Amino acid sequence: MAGNKSIDTILSEAEQIERVWAANPTYTLGDLTLAQFQAMIASLRARRDQLQEARATLTAATNAAHDEGAALKAISTRARGGVRAFFGPNSTQYEQVGGTRSADRKRPTRKPKPDGSGGSNSK
C-alpha cells in the first residue's frame, strides 16, 4: 500500500480532492480525467469492501476451527483418562495414547533443609 496510510484515510483524501475537482471542472491533472479519478476511487472502495468481507469470513472460519479443536481436545482428554482407568496407569496402552506410565515418572526427591547458620530467626 502507498506509504503508511490506511485505505480509509486514502479514500477520505481522494474524496476531498474529488469534491474540489467536481466543483472546478477546469482543473486538470495531466492526462487524468475526473471520471478516471472517480473510477479509481470506486474501485478502491469495492476492493476495501471485498477485503472486509474476506476478513469476516476468515474470522468466522478461525473461530469455528478453534471451537472444533477445543471439542476434540476435550474428547481426547476424556479418552486418555478412560484408557488409564481401563488399562491402568502403568499400561502400554496408556503410553500409546500419550500418557506417561507411572513407572516412567520421576520420583519426587526431598529438598535438603538449610543448616540453620545465618538464618534470620536465630537469636
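The legends below describe views of a predicted model of one protein chain.

**View 1. The protein chain holds 3 helices and 0 strands.** Its order along the sequence is α-α-α. Helices (H or I, at least four residues) and strands (E, at least two) are DSSP runs, numbered from the N terminus. The radius of gyration, taken over C-alpha atoms, is 34 Å, well over the 14 Å from the globule rule for 123 residues, so the chain is more spread out than a compact globule. That rule is 2.2 Å times the number of residues to the power 0.38. The C-alpha trace spans about 90 × 55 × 20 Å along its principal axes.

**View 2. The largest nonpolar core consists of L11, A14, W21, F37 and I41.** Such a core is a set of buried Ala, Val, Leu, Ile, Met, Phe, Trp, Tyr and Cys residues joined through side-chain atoms within 4.5 Å. Two or more of its residues come from each of α1 (7-23) and α2 (34-87), and α1 gives the largest share, 3 residues. Buried means under 20% relative accessible area (1.4 Å probe, protein chains only); 9% of the 123 residues in the chain count as buried.

**View 3. L11 is in contact with I41, L44, R45 and R48, leaving aside neighbours within four places in sequence.** Contact means heavy atoms within 4.5 Å. In the protein chain, 23% of contacts between residues at least 6 apart in sequence join residues at least 24 apart.

**Notes.** Residues are numbered from 1 along each chain as its sequence is written, and side-chain values use heavy atoms, without hydrogens and water. Local features need pLDDT of at least 70 and side-chain atom pairs count only at pLDDT 80 or more, while totals for chains, interfaces and linings use all residues.

Technical notes:
Buried < 20%, exposed > 50% of the residue type's maximum accessible area, 1.4 Å probe, protein only.
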